[in-house]
Each structure stands twice: as structure tokens, then as C-alpha cells.
Amino acid sequence: MPRPIKALIHTEALAHNLAQAMARVPDSRTWAVVKANAYGHGIERAFEGLRRADGFALLDLEEAQRLRALDWRGPILLLEGCFEPRDLELCSRLNLWHVVHANEQIDWLAAHKTQVPHRVFLKMNSGMNRLGFQEAALRSAWARLNALPQVDEISLMTHFSDADGTRGIAHQVAAFARATADLPGERSLANSAAVMRHAASAGIGADWVRAGIMLYGSAPDAPGGSIQSWGLKPTMTLRSRIIGTQQLQAGDTVGYGSTYTANGRMRIGIVACGYADGYPRHAPTGTPVLVNGVRCSLVGRVSMDMITVDLTNTPEAGFGSEVTLWGCDPGGSVLPIDEVATAAGTIGYELMCAMAPRVPVAVSVGG
Ligand SMILES: *Cc1c(COP(=O)(O)O)cnc(C)c1O
């Protein structure tokens, strides 16, 4: 029998979360962001649930090829644009729209031989200070692109640093509006957190929103917000089983480094899941785990292949019992990935992207 760990990708939940995103910005078109192999879900596995999106946004040209191989004929946007001049050949061949955030990318376009002019998204740095042209340079970049026969439509975009936080987006929205006021073209500003928290702000939806994490059943504002409060469903379940139990007495310790000491008699379950499966090694004692659908707590250190769980809350659990590390229990209980991430001092994004290749993944078409 194979090791009992497995992951499930929930097609219906992906479709539900996408519909939630689209409903918040009914006048916009929605990019489903599928970078990082659909946030660890697998592009091919996530595609069916997300195919009602208006387009797909990603970074990797290889992932764009995989989308075209799925027969997706609609828009694909390369969020970081081209990395070297020959990437433009693939953009021409596969009809990929691409971000232009640096002068070098304009130089490459000017030298590119193509029959089909490209649709580009000119990126402004409105305060994030990662990719994009600052306000003073934006206009000349636009004029250069506009003069190129290789360029068809020019759209305008920017990215928020604090859509999920207290600083908010108003300063960046204002900078973007000021810099682009008299430039034509479609606009794209919002990520998931902006779609969720700032949908009412003027111009936020603009022409295109870029929804990522919310599609995958994680709240960008966790732990303040939660998928329950936003009406989102888990799209990835990580499940395994108890492969051993131990009866402990007061003073007994658990695992490497003996970081957990039993206060009294207690039973623990040994679960076939560890950091080599993508479970966060920094998850401390107290991190929630579902055993037979009942909330229990991790105790002791996470090992490569195993974790140890306090079974006090579910005395009938034992060898072979079903364990849900995050996502949906077969009985219908939910453990949002964000709760595990928060306990481990990280974010849902990192956990889903880090699910390890050794975990077998299946697609669950229903819930
Ligand atoms: C990843 C990414 C997004 C999506 O962000 P989420 O927080 O996952 O919604 C949007 N825009 C750009 C440019 C990105 O890189």
C-alpha cells in the first residue's frame, strides 16, 4: 500500500471562488492568476475549475505553453513580461500578452520581427518599488511603445503593496490616476485583497482585476479575515492517516529535541506527513489538525516524514484514522489552510506553493 498521504484539488470550490471574485467586480474582467503552477495546485488540475475566467495571468513561459496545450484560446498575460529577447517569439507564436516594466523590454520589442503586433501591459511603479516605471518615466515609456509597429494595444497596470493591510491603497490609486490621466488604454490594478477589501473604491475594478490567492481558498487578510467571512471554500486538501500511537505518562517527551513534555497521561497519534511533504517545519505545538474531523493539536517538532498529534479530543481515534492537515475532512469539517499558516508564522500562499512533489494529487470534481 502506498504511504497514506494525498492531496485533493477541489474543482467545484475553484469555480465557486472565481464566481465570488467576479461577483465583487461585475463590471471588470477577471484574470485568474495561475503563477507558481496555480499556487501549487497544478495548472492542469486547476484549469477546469477556473475556465470561466476572462484570462489567465502567470509568469512562466512554460506554464503559458501548458495553458495553450489545454486548448485555452483566450487571453494569457505574462505578469513579469519577457526575460530575454527570444521570449518575444513565443509571445508572437502563442499570442501572449505581456507586461512591460523596464526599458530593456522596450528595446527588445523594437528589435523584434513579427507579423502580429503585441498587446502589452505597461506597468507603473506607484509605490510598491518592485517592478515598473516611476511616474516621471512612465510617459516616455508609453510614447516609445506607442511608436513601435511591433506594439498593438497598450494597457496600463500597477500593483498594490498594502491592499491587505492598514496602509491601504488610496495613495497608490492616486499616484496611478495622476500619472495615467490622459493616456488611453485599459487599466488593471487590483489583486485579491483589493477585490475583497476595496471593491467599493472608485476605479478599483477598472477594466481587469488580477485575482490570485482568493481563488485558492485563502484570505489575503488572514488572520483578521478568514475564508468563512469572505464566503470562500478550500480548494486544496492535504490528508493522511495515523500510522501509530503512543501512550504517554507525565514527564514523557515527544520527538526531536524533546520540545514537548506530557503533563499527565495522554495518547498521541503519529501521522504520515512531515516537512518533506510540504508541511511547515516551524508549525509549533498547538497547530490545529483534524483527526476524524475533530480539531486536535500538533505536539512536538515536525519531522521530515511525521508529525505527532494529541488525541485527547478524540479518544476513539487510533491506527488508520483519517487526518486532515488542511482543507476539507470527508465528514465536512473544514480546517482553512490559513489557520495552519498563521500558527506556523507564514501565509496560506507559502503552504500551498510548497506542497511537495512526493505527495500524490487527485482532482475532486465535487466539493
Ligand atoms: C501574484 C500577483 C497577483 C495576484 O495576487 P494575489 O494576492 O494572489 O491575489 C496580482 N498581480 C500581480 C502582478 C501578481 O504578481
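Predicted model: local features only at pLDDT ≥ 70, side-chain atom pairs only at ≥ 80, totals over all residues.
The buried residues of helix H5 are Asp87, Leu88, Leu90, Cys91, Ser92 and Leu94. H5 is mostly covered, with six of its eight residues buried.

**Helix H5 and its cover**

- The elements that cover the buried residues of H5 include H4, S4, strand S5 (97-100), H6 and S6.
- After H5 comes asparagine 95, which has a positive phi, near 55°.

**Helix H4**

- Helix H4 spans residues 61-69, and its buried residues are Leu61, Glu63, Ala64, Leu67 and Arg68. These residues lie on the same side of H4, because they cover an arc of only 155° around the axis.
- The partners against which the buried residues of H4 pack are helix H2 (35-39), helix H3 (43-50), strand S3 (55-58), strand S4 (76-78) and helix H5 (87-94).
- Aspartate 71 follows H4, and its phi is positive, near 75°.

**Histidine 112**

- The loop between helix H6 (103-111) and strand S6 (118-123) holds histidine 112.
- Histidine 112 counts as buried because its relative accessibility is 10%, and buried means under 20%.
- Leaving aside residues up to four places away in sequence, histidine 112 touches Leu88, Glu89, Ser92, His118 and Gln150. Among these, Leu88 and Ser92 also belong to the buried residues of H5.
- A polar atom of the side chain of histidine 112 lies 3.4 Å from the backbone oxygen of leucine 88.

**Phenylalanine 176**

- Helix H8 (residues 170-180) contains phenylalanine 176.
- With a relative accessibility of 5%, phenylalanine 176 counts as buried.
- The contacts of phenylalanine 176 are Met124, Ser126, Leu156, Met157, Thr158, Arg187 and Leu189, when residues up to four places away in sequence are not counted.
- Between phenylalanine 176 and glycine 244 there are 57 Å in space, C-alpha to C-alpha, and the two are 68 residues apart in sequence.

**The largest pocket**

- The largest pocket holds about 740 Å³ of space.
- Its lining consists of 38 residues, and those nearest the centre of the pocket are Lys35, Tyr39, His159, Asn191 and Tyr349.
- Two or more lining residues come from each of H2, helix H9 (192-197), strand S9 (208-211), helix H11 (337-343) and helix H12 (348-353).
- The lining of the largest pocket divides into 21 nonpolar, nine polar and eight charged residues.

**The cavities**

- The model has two cavities of 30 Å³ or more.
- The volume of the largest cavity is about 40 Å³. The residues that line this cavity are Tyr216, Gly217, Pro234, Thr235, Met236, Trp326, Gly327, Leu335, Pro336, Ile337 and Met352.
- Eight residues in the lining of the largest cavity are nonpolar, three are polar and none is charged.
- The second largest cavity has a volume of about 30 Å³, and its lining is formed by Lys123, Met128, Arg130, Leu131 and His159. This lining has two nonpolar, one polar and two charged residues.
- His159 lines the second largest cavity and is also one of the residues nearest the centre of the largest pocket.

How values were computed: Residues numbered from 1 in each chain as written. Heavy atoms only, no water. Helix = DSSP H or I, 4+ residues; strand = E, 2+ residues; numbered from the N terminus. Buried < 20%, exposed > 50% of the residue type's maximum accessible area, 1.4 Å probe, protein only. Polar contact = N/O pair within 3.5 Å; in protein donor to acceptor, adjacent residues only side chain to side chain. Contact = heavy atoms within 4.5 Å. Arc of directions from axis to C-beta. 1 Å grid on protein atoms, 1.4 Å probe; cavity = no way out; pocket = protein on both sides within 12 Å on 5 of 7 lines; lining within 4 Å. Points joined across faces, edges and corners; volume = space filled by probe spheres on them. Nonpolar A, V, L, I, M, F, W, Y, C, P; charged D, E, K, R; others polar.
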